[in-house]
Amino acid sequence: MNKPACRSAFLIIYLGKLPGYFDFWAKTCAPNHDTCHWFVYNDHIRERTEYNKAVTIVPYTFEALRSDMASKAGIHIPDRNTRIVCDCRVMLYLLRKAEDHLDQYDFIGYSDIDVVYGRINDFLPENPTGYALISAHEHRPCGPFTLFNRTYLGQILSDPRIKTYLEYNFGNQVYDSAAYAEAESAFKPVSGNRQKDQIRDQTDFKHLDESDELVDIAAQFAPVFCNPESLQPTMTKGFNHRKAIAFWNRGRLTIFDNLGHKREGAFFHFSRFKNRKRFKVNPDVLPADHIGIYKYGFIAYKSPWTFIKLFLTMLY
């Protein structure tokens, strides 16, 4: 597929020690370096690091985020609102555009690090610059993959609804909930599995980065593209996203489900796997050019038997 060579910057806040699968994530970013760059803002590193051609790690703390939001965006985040860190990702454009030269990109967006990427530019919609927002989900922004057209982003971020949301104090209903007392990170978003989604539904908490309100705001300026087709195959109609595996081969990503569907795409989100004890991150696999991703971790693709092995794991 021949698509315009749009340049995109993905802004990610990850507060805490970078996970063991970070190297695998960064490996799949690298083949996109000519059109995409990822900035990871992290409070466990001391120096700005060019991790590879596509990934830059920037020292950044929650305190710095609150300070920058107040001084540069006029938004005052309550000091307990660590749960909305992911909602501030899009605001990093206003906070960091000078330091990280973000105005050189056509699109500014956010993603996660529990994903592997294919050749992203091949799967963007036709004439991408005609859209104010591109999301890999239907009807709303996608937490693992959303892009905003930089032409309209300043206007989008100035909408008072964003300020209202980020300054809202959710209080005891979220932050003192017993369900989160044992959370592995104070910055873990309130989404991502059934238990957390159920608790979210019992409160009035809703993440801005996946809110249809962001779509409504962006649509004031240009059409929006909210469609998982091509970008996120596991979320397309008929695909079983709960029973899926992926193969990364020198930058090309192919995804299968237990029903026999096969699709290439821009990314595979393995959030359902990452927190299970069975999910293993073996660094010996990292140098491989062809890697499988499934519920037991990462595995080097050495023969057709590897595919059979991974496919069988979707049947139980």
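Modeller: A salt bridge puts a Lys or Arg side-chain nitrogen within 4 Å of an Asp or Glu carboxyl oxygen, and areas are Shrake-Rupley values with a 1.4 Å probe, counting only the protein chains shown as cover for residues. This is a predicted model, with local features needing pLDDT of at least 70 and side-chain atom pairs 80 or more, while totals for chains, interfaces and linings use all residues. Numbering starts from 1 along each chain as its sequence is written, and side-chain values use heavy atoms, without hydrogens or water.

Now, the patch: Trp 305, Ile 308, Leu 312, Leu 315 and Tyr 316 make up a nonpolar surface area of about 560 Å² together. Tyr 316 sits in the segment after α10 (304-312), and counts as exposed (over 50%; buried is under 20%, partly exposed in between) because its relative accessible area is 52%. Thr 313 is in the segment after α10 too, but it's buried, at 7%. Thr 313 touches Tyr 294, Lys 295 and Tyr 296, contact being heavy atoms within 4.5 Å. Thr 313 and Tyr 296 are 17 residues apart in sequence, yet their C-alphas lie 8.8 Å apart.

That leads us to strand β14 (290-294), where four of the five residues are buried. β14 and β15 (297-300) form a hairpin with two residues between them, antiparallel over four bridges, and Ile 291 stands opposite Ala 300. β14 also runs antiparallel to β10 (244-249), joined by four bridges, with His 290 partnering Asn 249.

Conventions:
Patch = residues over 30% accessible without salt bridge, like charges linked within 9 Å, V, L, I, M, F, W, Y side chains within 5 Å. Buried < 20%, exposed > 50% of the residue type's maximum accessible area, 1.4 Å probe, protein only. Pairing = 2+ DSSP bridges. Lists of a residue's contacts leave out its neighbours within four places in sequence.
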